[in-house]
Amino acid sequence: MTAQTGTPLTVGPPRTAGTPLGRAVLALRDGRAIVLRNLSQMRHAPGEIVGAVLFPIIMVVIFGYIFGSAISVPGGGDYRDFLMPGMFAMTATFSVIVTMNKVAADNGKGVMDRFRSMPMARSAVPFGQTGADLIMSVLGFAIMSIVGLVVGWRMHDGAGPALAAFGLILLFAYALHWVGVLLGLMFKNESTADRMTPLVFPVTMLSNSFVPTTGMPAWLRVIADWNPVSSLTQAARHLFGSPGAVTSHAWPMRHPVPAALLWAVVILGVCVPLAVRRYQRAGR
């Protein structure tokens, strides 16, 4: 049985509930099958791979060399060093769009209904989707890091804090993939989901990702300082040792690493059960 032509799924025969541990093992096995299915689809969508490669390069070059000549960094320092953590945060935020469109497309093609008819764990499909998208996010962040190093960005505080920064960025991206699953399940097709895409841009722009918040009006600066994207950006700057002195008294800006972790945990805690429940109920 296949979900799409030429894409086999090894989900196994029907099974009984068994013990909680047994159900977890079976769910992981089924989730792995969905991850492999989604990754295998990349062979039929080379444009998506090309986009994942070119997007980080284009964005770093445009923002680094066009904005960099006009923006001063709080406390001094090179703008491209200041920019790269914001670029990572922006790319993590766009994870919502990537996953939402994929899930909505599967909805429109009837793939989700086909999955529900198979003898697999109900949690396998959303977990498999987010797992496959996380792997693609790792590829995108790796390419963006190489481009950043080429244009002059450096990780000043050593390998340990840098790995912690990348781990935090990936955790945040994974949480937002779950937001994408939840939203994608609400739409019947990809064209409807596409209309939601412009709503993501204000979230990334209304933050400290590209410009300091010091020049914003007071009311707008409060929103920017409490934006989860700002917390992730400031946490990455702190861990990478990038320039960008904290000029706000807002708690997320004074404690960006705990704030970014808290945002990711809250998003996962809310969206994971809601997405799994919606996937289950949609088939009833």
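**Briefing on the predicted model**

Just after H4, Gly110 takes a positive phi of about 85°. The model is predicted, so local features need pLDDT of at least 70 and side-chain atom pairs count only at pLDDT 80 or more, while totals for chains, interfaces and linings use all residues. Residues are numbered from 1 along each chain as its sequence is written, and side-chain values use heavy atoms, with hydrogens and water left out.

**Helix H4**

- Twelve of the 15 residues of H4 are buried, so the helix is largely enclosed by the rest of the structure; buried means under 20% relative accessible area, exposed over 50%, and partly exposed in between, with a 1.4 Å probe and protein chains only.
- The buried residues of H4 include Ser95, Val96, Ile97, Thr99 and Met100, and Asn101, Lys102 and Asp106 are also among them.

**Aromatic rings**

- The structure holds ten aromatic pairs, a pair being rings of Phe, Tyr or Trp (its six-membered ring) with centres within 6.5 Å, where planes under 30 degrees apart count as stacked, over 60 as edge-to-face and the rest as tilted.
- Phe166 and Phe240 form an edge-to-face pair, at 5.2 Å centre to centre and with 70° between the planes.
- That pair links distant parts of the chain, since Phe166 lies in helix H7 (residues 159-184) and Phe240 in helix H11 (residues 228-240), 74 residues apart.
- Both Phe166 and Phe240 are buried.
- The rings of Tyr174 and Trp178 have centres 6.4 Å apart and planes at 85°, so this pair is edge-to-face as well.
- Tyr174 and Trp178 both lie in helix H7, four residues apart, which is about one turn of the helix, and Trp178 counts as buried because its relative accessibility is 0%.
- A cluster of Phe88, Phe141, Trp153, Phe166 and Phe240 is linked by ring pairs.
- The charged end of Arg237 sits over the ring of Phe82, 3.6 Å from its centre; the criterion is NZ of Lys or CZ of Arg within 6 Å of the ring centre and within 35 degrees of the ring normal.

**Helix packing**

- The axes of helix H3 (residues 79-93) and helix H6 (residues 124-151) come within 11 Å and cross at roughly 165°, where axes are lines fitted to C-alpha atoms over the stretch in contact and angles run from 0 to 180 degrees between N-to-C directions.
- That angle makes H3 roughly antiparallel to H6, given that angles under 35 degrees count as roughly parallel, over 145 as roughly antiparallel, 65 to 115 as roughly perpendicular and the rest as oblique.
- H6 and H7 pack at an angle of about 140°, with their axes 9 Å apart, and are therefore oblique to each other.

- His44, in the loop between helix H1 (20-40) and helix H2 (46-67), is exposed, with a relative accessible area of 55%.
- Between His44 and Phe55, eleven residues apart in sequence, the C-alpha to C-alpha distance is 19 Å.
- Arg254, found in helix H12 (residues 251-254), counts as partly exposed at 43% relative accessibility.

Definitions and conventions
Helices (H or I, at least four residues) and strands (E, at least two) are DSSP runs, numbered from the N terminus.
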